[in-house]
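Grab the model and work through these exercises. Each one sets a task, then walks through a solution.

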Amino acid sequence: MATQAHSLSYGGCNFFRQRLVLSTLSGRPVKIRKIRAKDENPGLRDFEASFVRLLDKITNGSRIEINQTGTTLYYQPGLLYGGSVEHDCSTHRSIGYYLESLLCLAPFMKHPLKAVLRGITNDQIDPSVDVLKATALPLLKQFGIDGESFELKIVRRGMPPGGGGEVFFSCPVRKLLKPIQLTDPGKIKRIRGMAYSVRVSPQIANRIVESSRSILNKFIPDIYIYTDHMKGINSGKSPGFGLSLVAETTNGTFLSAELASNPQGQGTAVLPEDLGRNCAKLLLEEIYRGGCVDSTNQSLVLLLMTLGQQDVSKVLLGPLSPYTIEFLRHLKSFFQIMFKIETKPCGEELKGGEKVLMTCVGVGFSNLSKTIK
């Protein structure tokens, strides 16, 4: 852990998780002011307060101070402790909101993390648990985080607004991360997907599969979309359906896209056929953007490269998302690390959008709390 450094100060509620996760890893306290200060309902929202509570559960000795109106938060990180954790996530955001941050922190705990998260598994805002399982876990394996205890499984599905889903996530701890060289994404060789329906007719999942295949079959023959119809207690509290698609390349790169139906009682009803077709188009757009990591996991791969050994890591990404650009600024503030960014115009061998080659030398972050056996 870093020595007690001066605290960093930020204003506003944007990039809230980024700041707290990087603060926890770097050991630098952080103060966030003016959180929705001019709003009719100022201060932290339920899901942000829930996220702070989750951080408190997985660390030991964190100091968290929030003023009465909830517009100022001071966070002094403790040691990442891990162990068995149960957490009820807020139903305003899905479990993916919490899980994305746990994926960043889990490898550096003192004890292997075993977390049970309850809430919404699939919604329209955050990456679903299906997509994180298909894309983020193989990415972590590239950095040497692997083992029998490394798993993410959906016990129950929960759709908004009621939730009622449950997810189990366990991750082993690592002392050091391997540097990576992901510069050749390869060609798309197969597409896998998961069409799920919860508290609606099982036939809906089949309609989604047919409509998405009608587009994807023109490009590639190896397509398999599973249907998942959860019944009874495993189906959460609200009806809904959706689709997540993952394209795998010859070099083991995963690109994903997903869509979920509108929450019960909100917005117009979505036809399963439209949802299937739109999700297939989103996947084609993600493939066009390309790179070795899809746009959902850009910040995760950059963080793991930063924390790697003092060696050069390279990764080829598609166009950087605004979230990733802000993340690079935060990496500079917390870890004083700069990436070398080279744009690669799409030549003959690189189809699709412009690519960006990101290069950095890791800070040699070591998990000090992991005892050497």
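**Exercise 1. Work out whether Leu-140 is buried or exposed, and find what it touches.**

Step 1: Leu-140 has a relative accessible area of 0%, so it is buried (buried is under 20%, exposed over 50%, partly exposed in between, with a 1.4 Å probe and protein chains only).

Step 2: Locate it. Leu-140 belongs to helix H4, residues 129–142 (helices are DSSP runs of H or I with at least four residues, strands are runs of E with at least two, both numbered from the N terminus).

Step 3: List the partners. Leaving out residues up to four places away in sequence, Leu-140 touches Leu-103, Ile-145, Phe-150 and Leu-304 (contact means heavy atoms within 4.5 Å).

A note on the ground rules: this is a predicted model, where local features need pLDDT of at least 70 and side-chain atom pairs count only at pLDDT 80 or more, while totals for chains, interfaces and linings use all residues. Numbering runs from 1 along each chain as its sequence is written, and side-chain values use heavy atoms, with hydrogens and water left out.

**Exercise 2. Find which parts of the chain the salt bridge between Glu-100 and Arg-17 ties together.**

Step 1: Check the distance. The closest N and O atoms of Glu-100 and Arg-17 are 3.1 Å apart, and a salt bridge needs a side-chain nitrogen of Lys or Arg within 4 Å of a carboxyl oxygen of Asp or Glu.

Step 2: Glu-100 is in helix H3 (residues 95–105) and Arg-17 in helix H1 (residues 16–26), so the bridge ties together parts 83 residues apart in sequence.

Step 3: Look at burial. Glu-100 is buried at 18% relative accessible area, and Arg-17 is buried at 9%.

**Exercise 3. Work out how the pairs Glu-248 with Arg-190 and Arg-277 with Asp-274 sit in the chain.**

Step 1: Glu-248 and Arg-190 form a salt bridge at 2.8 Å, N to O. This pair links distant parts of the chain, with Glu-248 in strand S14 (residues 240–249) and Arg-190 in strand S12 (residues 188–198), 58 residues apart.

Step 2: Glu-248 is buried at 14%, whereas Arg-190 is partly exposed at 27%.

Step 3: Arg-277 and Asp-274 meet at 2.9 Å, N to O. They are three residues apart in helix H6 (residues 272–289), so about one helical turn separates them.

Step 4: Arg-277 is partly exposed at 32%, and Asp-274 is partly exposed at 31%.

**Exercise 4. Find how many residues of each class line the largest pocket, and which element gives the most.**

Step 1: The lining has 13 nonpolar, ten polar and eleven charged residues (nonpolar: Ala, Val, Leu, Ile, Met, Phe, Trp, Tyr, Cys and Pro; charged: Asp, Glu, Lys and Arg; polar: the others, Gly among them).

Step 2: S15 gives the most to the lining, with five residues.
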